[in-house]
Amino acid sequence: MDDLIPGLPSDIARECLIRIPFDRFSSARSVCRSWRSELGSTTFHRARNSSGLARSHFALAQAEPNPTQSGPAHKYAAPAYRISLLEPDSATWTSLPPVPDLPLGLPLFCQLASVGTQLVLLGGWDPDTWTTSNAVFVYDFVKSTWRRGSLMPGPKRSFFACAASVDLAVVYVAGGHDEEKNALKSALAYDVARDEWAPLADMAEERDECRGVFSRGGFHVIGGYSTEMQGRFGETAESFDTATWRWGPVEEDKIREGTCPRTCVAGEDGRIYMCLDGHVVVEDGVTWRVVAELPEGARVGPILLTWKGKLMVMGGGAQFVYTLEKDDTWKRFDVPTEYSGHVQAACCLVI
């Protein structure tokens, strides 16, 4: 292979290349074959991470400023959704290119998960017809391109749990409901690199509108409700061990009965955080401990996010965005109007 930079040892040349901003990766790949190979290698991104040059970003399925749909969604002024990117350390907002196969914007109620330098978009409802989608789309931040993934197998599901293992490069899906509104026990694993789906064993309980998080080597599916309960959220959870490829026993009293688990997120410390009764709380053994009171602007429909051991909360769509400071006070930062729309899904990625 040609030298990365003529006249420089490969390790020094790599030190130069890892400083390229992620939004210039696609241009850098076109310089030569050796750069194309280097920017696509795990060695390159491992070096970028270990050098502290990788940056955390939140990918948000966010409403555009103006509604564009026709059909059933139009009467409710449902907006078109896109992928917005927020770099929390610099409070910088950008957008990803539209998905070529989705002219009306992202599916409503779709899910997002990240694996390395790839963002995976799964499922949701067609914004014009409200039909359930089993489509998968993957955005590659190195190539700056979208591609279609293999369709989610099994019944077309909505409101399912979803989370990813960065180390295994696998996205996990569980629960939700089918097109007849029957809550599901089934679960799946998606290998992003191979573009292959594999079935998992069923969970012990049906779980519609459950929440998925990945921490401590496990895919945790929290809360939800059965077909018979219809909207009355339960308090249990189940965890899939990726080492043994098995579900553990049902965890009783994981969250309070009647609590929607949609704000649950996994922190860098492996513990689960969520919004409850106007506070951010953290899992502390078999109980939940208050971390901080939610700021006034984030008490309605909050979105909770974590990165680098820090907490961020959004409210009013993304009109109000706050980060929790070391003194346990919230710092609000300004949001451009074009990025203040409703957020229906979010995930953190490090590029």
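Start with W307: in this predicted model, its relative accessibility is 5%, so W307 counts as buried, the cut-off being under 20%. The residue belongs to strand β20, which covers residues 303–307.

Strand β2 runs over residues 81–87, and seven of its seven residues are buried, so the rest of the structure largely encloses it. You can check that face by face. On one side sit Y81, I83, L85 and E87, on the other R82, S84 and L86, and both sets are buried. Note that the list includes E87 and R82 along with residues such as I83 and L85.

What does β2 pair with? One partner is strand β1, residues 56–63, which runs antiparallel to β2 over six bridges. Within that pairing, A61 has I83 of β2 as its bridge partner. Another partner is strand β3, residues 92–95, again antiparallel to β2, with four bridges. Here L86 stands opposite W93 of β3. The β2 and β3 strands make a hairpin with four residues between them, and in the turn A91 has a positive phi of about 55°.

Now for the rings. A pair of aromatic rings is described by the distance of the centres and the angle of the planes. Counting ring centres within 6.5 Å, the model has 18 aromatic pairs. One of them is F22 with F141, an edge-to-face pair with 5.9 Å from centre to centre and 65° between the planes. This pair links distant parts of the chain: F22 is in the loop between α1 (10–17) and α2 (25–29), while F141 is in the loop between β6 (136–140) and β7 (145–149), 119 residues apart.

A second pair to look at is Y172 with F240, which is tilted, with 6.3 Å between centres and 45° between the planes. Y172 lies in strand β9 (residues 170–174) and F240 in strand β14 (residues 237–241), so the pair ties together parts that are 68 residues apart in sequence. Both residues are buried. Y172 and F240 also belong to a cluster linked by ring pairs, together with F214, F219, W245 and W247.

Finally, have a look at the second largest pocket, which holds about 220 Å³ of space. Which elements give two or more residues to its lining? They are β19 (287–293) and β21 (310–315). The lining includes R289 and V291, K310 and L311, and also R271, Y273, E325, K326 and D328. By class, the lining residues divide into six charged, five nonpolar and one polar.

Methods. Residues numbered from 1 in each chain as written. Predicted model: local features only at pLDDT ≥ 70, side-chain atom pairs only at ≥ 80, totals over all residues. Heavy atoms only, no water. 1 Å grid on protein atoms, 1.4 Å probe; cavity = no way out; pocket = protein on both sides within 12 Å on 5 of 7 lines; lining within 4 Å. Points joined across faces, edges and corners; volume = space filled by probe spheres on them. Nonpolar A, V, L, I, M, F, W, Y, C, P; charged D, E, K, R; others polar. Buried < 20%, exposed > 50% of the residue type's maximum accessible area, 1.4 Å probe, protein only. Pairing = 2+ DSSP bridges. Phe/Tyr/Trp six-rings, centres within 6.5 Å; stacked < 30°, edge-to-face > 60°.
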